[in-house]
Amino acid sequence: MSTIPRLVIAAPASGTGKTTVATGLMAAFTEAGLTVSAHKVGPDYIDPGYHALATGRPGRNLDAYLCGPDQVEPLFLHGSAGADLAVVEGVMGLYDGASGLGELASTAQVAKLLRAPVVLVVDASAQSRSVAALVHGFASWDPGVRLAGVILNKVGSDRHEELLRAALDEAGVPVLGALRRAPQVRTPSRHLGLVPVAERQAEAVDSVRAQAAQVREGCDLKALLALAHSAPELPGEAWDPARAVAQGGAESVTGKPVVAVAGGAAFTFSYAEHAELLTAAGAEVAVFDPLRDERLPAGTQALVIGGGFPEMYAAELSANEPLRRAVVRLAASGAPVVAECAGLLYLSRSLDGAPMCGVLPADARMSERLTLGYREAVALTDNALAVAGTRVRGHEFHRTVLEPGAGTSPAWGMTHPARRVEGHVQDGVHASYLHVHWAAEPSLAHRLAAGAAARPPLEASRG
């Protein structure tokens, strides 16, 4: 049984300021001396970066679509181990989930699975007494959701705050905070959401500090902490990467093969559990930065290039010719190379005309069209990541186009919401737009580690 105090920070819709409030709360409680565990509902990679900055611990995702509802509590308990408080930031509106699938993957579902009280962040900038009707509707929609309080955001004046508090007092919903408009706490956005921490480290630190100060001034931290402590015990068992690998019938590989993992400002999208699973499978994870490092890590036997924003750094990535040549040599040797989204673009011949690695016979370019949504897919052939027939749930999130989008041996056969083939498999390379959470299918990490163990350290690691 676990008694981790916890809160879910939700909102009626996107754009109300819940990321600012959630991050500010994480930072304020951390500055007060608490060890805070940060979580994000859904597949978002960017918000957890700000959460990590606020707490000094990895920001983690809780996605009931990608990992299944039964994994939400175990992953939460794993991520919050040793913490005094857990703060869970919701996604979109409180009751918004996977399209056409009811409450699945919604903030409301995760709050119920965690038996956590919900605090609703309301943009009060264009309303007064009507706020009570809005909050009453959210509080009564699902009796299984415990909406325990409200934080009012973008309050215009003391008089405005008085009107809002009076209305919510009539509705019987506690007001746990009221925040004025504060431009200094805003985080810049672009085509896929907030600008990641790795791209604006100094400014991000200042922004998180401002968010903490705003929350300290405008929120009742004592009442919020008491609310978090009111959450009941959770009866489940924490997720464990070693146990997850072993339950698939696999044993850790020997020799600690080196799996190089791309990081830095261009490749910021990753789930913390991926590195943990690779380590549990027996691999040594070595992070490198394709913007700065001209060599792959010493002894590299496999390569993972995750998501991010290579389109923002195409010129710099292209200019690092020694590393591009090393990646080509590694791929040509047949070593496992797994690329997701940004990694797919990096392995292509070109990105918006800038030469990339040229491992794949395809070219990439920016697009006005946003490709976004959950997907179901099946591996069509045995490859570096999965055996044929492996079924996964994933997520696409990009404004780029790859031509051709599928090679002669595609990576995945998409089965929902539309049937199509996607991605490229050639030799040891598995490259696709699809983001997959390996905690849902730990065999992916073990297969990659085993494939790495079967390869000798190559000259490609020396650039």
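In this predicted model, the charged end of R393 sits over the ring of Y65, at 4.2 Å from the centre of that ring.

Because Y95 belongs to the loop between strand 4 and helix 4 (107-114), whereas W141 belongs to helix 5 (residues 130-141), the contact ties together parts that are 46 residues apart in sequence. W141 is exposed, with a relative accessible area of 66%. An edge-to-face pair is formed by F269 and F309, with 5.4 Å from centre to centre and 80° between the planes. Here F269 lies in the loop between strand 10 (258-262) and helix 10 (272-280), and F309 in the loop between strand 12 (300-305) and helix 11 (314-319), so that parts 40 residues apart in sequence are tied together. F269 counts as buried at 5% relative accessibility, and F309 is likewise buried, with a relative accessible area of 0%. Both residues belong to one aromatic cluster, which is formed by Y45, F269, Y271 and F309.

Strand 4, which spans residues 85-89, is mostly covered, with five of its five residues buried. From this strand L85, V87 and E89 point one way, while A86 and V88 point the other way. Strand 4 pairs in the parallel sense with strand 1 (residues 6-10) over four bridges, and within this pairing L7 stands opposite V87. Strand 2 (residues 36-41) also runs parallel to strand 4, to which five bridges join it, and S37 has A86 as its bridge partner in strand 4.

Key. Residues numbered from 1 in each chain as written. Predicted model: local features only at pLDDT ≥ 70, side-chain atom pairs only at ≥ 80, totals over all residues. Heavy atoms only, no water. Buried < 20%, exposed > 50% of the residue type's maximum accessible area, 1.4 Å probe, protein only. Helix = DSSP H or I, 4+ residues; strand = E, 2+ residues; numbered from the N terminus. Pairing = 2+ DSSP bridges. Phe/Tyr/Trp six-rings, centres within 6.5 Å; stacked < 30°, edge-to-face > 60°. Lys NZ or Arg CZ within 6 Å of the ring centre and 35° of its normal.
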